[in-house]
Each structure stands twice: as structure tokens, then as C-alpha cells.
Amino acid sequence: MQYALLIYEDESIFGPGKSGPKLQQVVGRHIEFVKELGAKRVGGSGLKAASLATTVRTTRGKQTTHDGPFAETKEQLGGFYLIEAPDLDAAIAIAKKVPLLEDGAIEVRPVLGPG
Amino acid sequence: MSGAALERVFREASGRIVGALAARFRDLTLAEDAFSESCARALEDWSVEEVPADPVAWLYHVAARTALDALRRRHTHQRYESQLSAEFDMQPTPEDDDTVIPDERLRLIFICCHPAVSVDARAALTLRLVCGLPTLEIARAFLVSETTMAQRLTRAKVKIADAGIPFELPAVQFWPERLDSVLSTIEIAYAKAHEEAAASGPYAHFAAEMLELTRTLVQLMPGEAEPAALAATVRYAEARRPARVDDEGVMIPLSEQDPGRWQRSLIGEANQFLNRAVEIDPNPARVIQAQIHAAWSSRRSLEDPPPWPRVLALYDALLFRRDDPIVRLNRLVAVSEVHGAEAALTQLDSIDQELLRNFAPYYAVRADLLRRAGCGEAALKAYDEALATISSQAERKWLTRQKRLVQAPGSRCVPASSGHEEA
């Protein structure tokens with residue numbers, strides 16, 4: 001089996017523009033954790049702030065693009081794709097193709113990168 | 001040059017200069033800061049020296065230098081901080097010709113109106129960067145503090161930069177959604193200007209900016225029907241401004257406005273834009289919406305019968321293309337005039353009430369229909385609901401006046417659909 005570990009934390013501590021000993025400490029602990037996991041870690045990454053998210057929502061077959069993260073309603077997180085795209089438009093275009101059973105939402109969030 | 005004249009120059013130059021810099025440096029904040037810096041420099045220099053022959057070119061030149069300097073400083077700083085200087089590849093574009101300003105306003109508009117930017121911020125950002133309006137004025141129009149508006153603008157710029165919103169014009173497959181986002185942003189900005197029926201409202205002064213912006217859009221996208229239709233709609237609506245409230249500040253509904261007070265020159269311009277749109281493509285929803293305005297604007301005096309049958313036919317056509325509760329509601333007003341209030345009330349119940357719950361005109365239309373159908377009690381209740389939702393003073397005064405026309409409660413009420421309260 002593979003498991004996805006989804007990390008939820010208070011963004012006011014780790015979010016964009018944040019720094020300080022607390023954040024540095026947890027980054028250090030993540031590095032340690034990755035070492036400890038070794039081959040058990042298949043992949044993973046930090047994400048950029050929720051405020052940089054864009055959500056593609058499908059309602060009655062109609063797709064609309066919104067600013068902001070997925071706002072919890074009756075849907076639950078059911079999976080994720082990690083994709084490579086040159087810009088947000090390309091990422092949104094791919095998000096629109098993600099198969100959904102009925103109505104639903106795909107949150108498009110930039111991944112923390114080296115750049 | 002007077003202070004006001006200078007401000008005018010800065011405003012008009014904003015879209016051109018910020019657009020050109022943003023396209024060149026791929027950085028909105030850098031572009032905006034550099035432009036502000038060049039305006040500040042102009043205020044100093046032009047008070048002692050002569051105003052240059054081409055002030056816009058001067059501003060662009062200074063802004064481009066400022067941006068390049070900022071980039072060099074950033075570059076040096078980053079090289080110092082990280083030791084990746086060899087790999088660091090952030091060369092400013094080699095073209096150093098700052099005399100010709102490329103027209104990148106369309107790109108700038110598409111960036112500001114990207115669907116991934118929040119709806120409110122899109123309109124504000126367009127007014128700020130494309131129209132050059134000061135943050136304080138935009139804040140007033142959106143009824144928020146200057147600080148809140150500044151934060152909203154900053155957040156939008158951060159999103160554009162850090163979420164990877166592209167600085168290119170959208171590719172063919174993204175064009176419909178992106179163009180729609182641009183046009184609906186302008187509609188929202190214009191609605192702000194139009195909401196206040198009296199011309200003295202806090203939004204009224206940027207109605208002029210909307211006329212200018214829509215004209216620019218048509219110039220930049222000559223092959224598209226919808227921008228031309230929107231340019232027409234904004235002009236038809238603006239032409240009616242002098243006739244929208246009476247001397248006591250009460251709203252006058254469209255069908256009772258004196259066409260003699262409408263601004264004919266604006267209607268003439270609107271007709272030209274609409275003809276152009278229809279020639280390109282008569283089918284899009286925005287073209288039909290402009291035709292509804294045109295039908296009203298063809299009325300020359302209150303003696304001419306109101307064009308309700310034509311308006312209803314156009315709403316039928318519009319509903320076919322854009323079936324949403326708001327179009328249905330507006331169509332029902334025409335239905336009630338052509339086929340009677342009872343017929344309209346029956347159809348009102350088929351509209352998704354859930355979607356209209358916070359939509360003030362829904363209650364106003366419903367109240368009016370109930371009153372005319374003789375359902376006094378239900379009408380009074382609907383007027384109260386309308387008054388609880390509507391904030392515009394002119395409209396409140398009108399509703400209060402209409403409410404007084406309601407016949408004694410409990411009087412005849414024919415339609416079965418007249419509200420479940422009475423059933």
C-alpha cells in the first residue's frame with residue numbers, strides 16, 4: 001500500500017513571508033524526517049500559500065475558475081495529481097480535464113520549488 | 001502645467017507605461033513602482049524645468065531606467081546572498097530603446113482580469129493599473145478603507161507573480177473564458193458606477209473611465225463582437241443618467257424616464273458600437289443585451305409607446321443564450337407588460353428562488369407583480385423584503401412610494417401562485 005500524508009497547519013506560522021526560529025526548527029525536522037524515511041518516502045513537497053490557490057469548480061457540468069483554495073462543502077479530498085506545467089493557464093487547462101464523478105472541485109496550488 | 005493637468009497626463013499614461021514595463025520585465029509590482037517613481041520625478045523636474053515635448057515618452061524612459069536599476073540592485077543582492085551567481089540568469093532584456101512605447105495594454109488588461117484573481121480585485125486592479133486611478137478613489141468606490149484596498153491590490157499582485165499567471169495574451173483555447181473574464185470585470189466596475197442612480201454618487205466619476213476603457217478595448221480587439229457590444233451598453237446606460245432620478249431623488253424606472261433628457265450624442269456613439277458588434281456577430285449574449293438598451297433608446301418621447309413587445313422578444317433570444325435567474329427575472333418584467341402581471345407571477349415561481357435570495361431586484365419585481373395582480377398582503381410583505389435588501393437611496397424612495405399604492409390588504413388575488421402565505 002501507499003499512503004498520502006496530507007499536512008494541515010496554521011498558515012500564520014509557516015505561511016509566506018514567515019521566518020523565525022520556530023519555522024527554521026520545523027524545516028530542520030522535515031529534513032531529518034526525510035532522511036529517516038529513506039526509501040519509504042516516494043515523493044512530497046511543501047506547497048505555496050493557500051492564498052495562491054485557484055479552484056476549478058464543476059457544477060452541473062459547468063466549469064468555473066475561482067481565486068482561492070477549495071472551500072469545504074460536501075466534498076472530501078479524494079486524490080491528487082502532481083503535474084508539470086509552464087504556467088497557471090496550462091495547469092488550469094489540465095485541472096479541467098481531471099475526471100469527476102459528478103460535481104466537484106480541483107484546487108490548483110503551486111508547489112514550493114527551488115526558484 | 002497645472003496639478004490637475006499633470007494628474008491627467010499620469011492617468012492617461014498609466015496603462016501604456018505599466019503595460020509596456022510589465023510585458024518587458026514580467027513583474028507587475030516592479031512596473032507599477034517604477035511608474036510611480038517616474039511620476040514623482042516628473043513632479044519635481046517639471047516644476048523647475050520645462051515640461052518635455054512628449055511627457056509620456058519622458059515618463060516611460062525614466063520608468064524603464066528605474067526598473068532596470070531596481071533589477072540590477074536585486075541581481076547584485078541575490079548574487080551576494082546566494083553563491084549561485086554563475087547559474088543565476090536574470091538578464092534584463094538587452095533592448096534599451098526606451099523611446100518607443102509598445103502598446104501592451106491588452107496584455108495588462110488580460111493579466112489584471114485573469115479568472116484566478118478574485119473578482120473584486122480584478123476590477124480594482126484594472127482601475128488602478130490600466131486606468132491609473134489612485135487607490136483612495138478605488139477604495140471609496142468599493143466602500144472599503146484605503147488600507148483594505150491597498151492590501152487587496154497587493155494580494156492580487158502577489159497571486160499573479162507567485163501562482164504563475166502568464167504575461168502572454170491567452171492562447172486560442174483559453175480565449176473565450178479569458179475574454180469573458182475581462183468583459184465581466186468591466187461590467188462589475190461599471191455596475192459600481194451605475195448603481196448609484198444620482199450622478200453625485202461616489203462611483204459616478206469613474207463612469208467616464210469606463211467609457212474610455214471600453215473604447216480602448218474595441219480598438220485593441222477590433223475583430224471581437226462582445227467588447228463593441230459592451231462599449232455600446234455602457235454608453236446607453238450612461239446616456240440615461242440625467243433622467244434616472246426626479247427632483248426629489250426618487251428613482252424613475254426606465255419605462256417612465258423622459259427620453260428628452262437622455263444624452264443623444266452618447267446614444268449615437270452607442271448605436272455605432274452596436275452596429276459594429278452586430279456586423280461581426282449578432283449572436284452573443286452581450287450583443288443582445290445591447291440591443292435591449294437600443295430598443296429603449298430609440299424612444300424619442302414619453303408619447304411613443306414603450307417598446308415592450310420588442311424588449312420581450314429580445315429577452316426570449318437572450319434567455320436562449322444565457323439562461324440565468326437574473327435574465328429570467330428581467331424578462332418577466334417585459335412579460336408582465338405584454339401579457340399581464342398574473343402571467344408573469346406564474347412564471348416567477350419557476351425561477352430558482354435559492355439563487356435569488358440575496359438579489360434585491362427579485363423582491364422589487366415580485367412586490368410590483370403582486371401589487372398589480374391585486375395581492376395586497378403578499379405585496380406589502382414583498383416590498384418590506386425588497387426594502388430590507390436594497391441600499392440605494394433613490395430606489396428605496398421609489399419602493400416606498402410604490403408600497404403606498406398597494407390596495408387594501410386582503411383584496412382580490414387571482415393567481416394561484418400568488419405566494420404560499422395566502423394559500
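Arg60(A) is exposed because 6 other C-beta atoms lie within 10 Å, where exposed stands for 12 or fewer such neighbours, buried for 20 or more and partly exposed for the range in between, with C-beta atoms placed from the backbone. This is a predicted model, in which local features need pLDDT of at least 70 and side-chain atom pairs count only at pLDDT 80 or more, whereas totals for chains, interfaces and linings use all residues. Residues are numbered from 1 along each chain as its sequence is written, while chains are lettered from A and ligands numbered from 1 in the order in which they are written.

**Backbone at two arginines**

- Arg60(A) sits in the loop between strand S1 (54-59) and S2 of chain A, with helices (H or I, at least four residues) and strands (E, at least two) taken as DSSP runs and numbered from the N terminus.
- The phi angle of Arg60(A) is near 45°, which is a positive value in a residue other than glycine.
- In chain B, Arg26(B) occupies the loop between helix H1 (3-25) and helix H2 (28-48), and its phi is near 55°, again a positive value in a residue other than glycine.
- Arg26(B) counts as partly exposed because it has 14 C-beta neighbours inside 10 Å.

**Chain A**

- Chain A contains three helices and three strands, and from the N terminus on its elements follow the order α-α-β-β-α-β.
- The C-alpha trace of chain A spans about 45 × 35 × 30 Å along its principal axes.
- Of the 115 residues in chain A, 14% are buried.
- Where contacts in chain A join residues at least 6 apart in sequence, 61% of them link residues at least 24 apart, a contact being a pair of residues whose C-beta atoms, placed from the backbone, lie within 7 Å.

**Contact between the chains**

- Twelve residues from chain A and 15 residues from chain B take part in the contact.
- On the side of chain A that touches chain B, strand S2 (62-67) and helix H3 (88-95) each supply at least two residues, and the largest share, three residues, comes from H3(A).
- By class, that side of chain A has four nonpolar, four polar and four charged residues, where Ala, Val, Leu, Ile, Met, Phe, Trp, Tyr, Cys and Pro count as nonpolar, Asp, Glu, Lys and Arg as charged, and the others, Gly among them, as polar.

**Chain B as a whole**

- Chain B has 19 helices and zero strands, and buried residues make up 41% of its 423 residues.
- Among the contacts in chain B with a separation of 6 or more, 67% are accounted for by residues 24 or more positions apart.
- The domain assignment of chain B gives domain 1 (4-81), domain 2 (104-192) and domain 3 (347-423), with bounds that come from an automatic or database domain assignment.
- The centres of domain 2 and domain 3 of chain B, taken over C-alpha atoms, are separated by 36 Å.

**Surroundings of Gly132(B)**

- Gly132(B) lies in the loop between helix H5 (119-130) and helix H6 (135-141) of chain B, and it counts as buried because it has 22 C-beta neighbours inside 10 Å.
- Leaving aside residues up to four places away in sequence, Gly132(B) touches Phe10(B), Arg11(B), Ser14(B) and Gly15(B).
- Although Gly132(B) and Val9(B) are 123 residues apart in sequence, their C-alpha atoms are 9.9 Å apart in space.

Definitions and conventions: Contact = placed C-beta atoms within 7 Å.
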